[in-house]
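Student: I have not looked at this structure before. Could we go through some of its residues and pairings one by one?

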Amino acid sequence: MTIGRFALPARQRGVAVITALLLTTLAITIVASLFWQQQVQVRSIENQRLQLQKQWILRGALDWARLILRADVMNSTTDNLDEPWAVPLAETRLDQYVENERADTDASDAAVSGSIIDAQSRYNLNNLCWEANTNLCAKGEFNRAEVAAFARLLSAVQLDTVLAEAVANTMVRSQVSAEGNESGSSNSRQIGLEHIDDLLAVPGFTPEAVEKLKELVIFLPTSGLTPVNVNTASPEVLVARIDTLSLSDAAVLVASRKTASFLNLGDFRNRLQGKSLGDAEGKVDVKTRFFLVNGSVRMNRAGLEVQALIERNGPRTSLIWIREN
């Protein structure tokens, strides 16, 4: 190698070659890093797009569920498991999708499924705090009759009945603490119970116990006792709600409604075979106000599940809460 009329020594020529190679390697590394960052950003944008599209699909499914519930109340005076709302939607592929130009790719991998569940087929644990229209927990008390009802449910699923009073005490402490914080008289705050998984904060509860109760109890935001729908409740919930029934009696009632659902409370009483409602008078019904909507969408490599609580007052429906999984 020469510069002008002078030749570089061999050692300098070697250094120049190594420097050139290092600069080339550095340039390639920088370009590769830029391409990698761009790919990450593109993938991130794609993931955000998929997430938004999944959310919009599930929002549409919720609107569809609310439409079904509104139509049901216009055509029926009872709620039972033979009605259209109770039929689950099996996984259904979406033939038409958001972007027409991508229909051949996204639609083949996009599917939605869901179901509507009568929330009043479950025992409302907020009943522990209410007597008539009085919130006992806010006053440092709880409804002992409702604690006994919850204890019957625990016994039916072979759990320790002392957990019923433990839940009631936790709810009392959380509400009293909340009242104290509002008035500025307390610096501590107890964990409130709003969802079934919150029971893990109650002493004595284990994940196995919560799993046993997951389909049987719920926290409904009501200002008063919530009745159980006898057309949809399980035998365990019926035993909890009606103290005159055994588990076998309740199973017979559930089997009988598969042939014909209960038309009204008089029809239900007639099928009790001489048993009375006991302390369940006014605490059972054949129609429902609260419904759980479960939805799932699967798209390409991602999926999303949601659960929502819907309140229906006549033909009007309101979204109480929605949870994504």
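Student: Is E311 buried or exposed?

Tutor: The model is a predicted one. In it, E311 has a relative accessible area of 13%. Buried means under 20%, so E311 counts as buried.

Student: Which residue forms a salt bridge with E311?

Tutor: Side chains of opposite charge can pair when their charged atoms come close. For E311, the closest N and O atoms of the pair are 2.6 Å apart. The partner is R289.

Student: How many residues apart in sequence are R289 and E311?

Tutor: R289 lies in the loop between strand 10 and strand 11, and its relative accessible area of 36% makes it partly exposed. E311 belongs to strand 12, so the pair ties together parts of the chain. Their separation in sequence is 22 residues.

Student: Which residue forms a salt bridge with D79, and where does that residue lie?

Tutor: The closest N and O atoms of the bridge are 2.9 Å apart, and the partner of D79 is R312. D79 is in the loop between helix 1 and strand 3, so the bridge ties together parts 233 residues apart in sequence. R312 lies in strand 12 (residues 302-313).

Student: Are D79 and R312 buried or exposed?

Tutor: The relative accessibility of D79 is 2%. For R312 the relative accessible area is 5%. With under 20% as the cut-off for buried, D79 is buried, and R312 is also buried.

Student: What is the N to O distance in the salt bridge of E281 and R269?

Tutor: E281 sits in the loop between helix 8 and strand 10, while R269 is in helix 8, 12 residues apart. E281 is partly exposed at 45%, and R269 is partly exposed at 35%. Their side chains meet with an N to O distance of 3.0 Å.

Student: What is the distance between the C-alpha atoms of L319 and L309?

Tutor: L319 is found in strand 13 (residues 316-324) and touches several residues, L309 among them. L319 and L309 are 10 residues apart along the chain. Their C-alpha atoms are separated by 6.2 Å.

Note on methods:
Residues numbered from 1 in each chain as written. Predicted model: local features only at pLDDT ≥ 70, side-chain atom pairs only at ≥ 80, totals over all residues. Heavy atoms only, no water. Helix = DSSP H or I, 4+ residues; strand = E, 2+ residues; numbered from the N terminus. Contact = heavy atoms within 4.5 Å. Salt bridge = Lys/Arg side-chain N within 4 Å of Asp/Glu carboxyl O. Buried < 20%, exposed > 50% of the residue type's maximum accessible area, 1.4 Å probe, protein only. Lists of a residue's contacts leave out its neighbours within four places in sequence.
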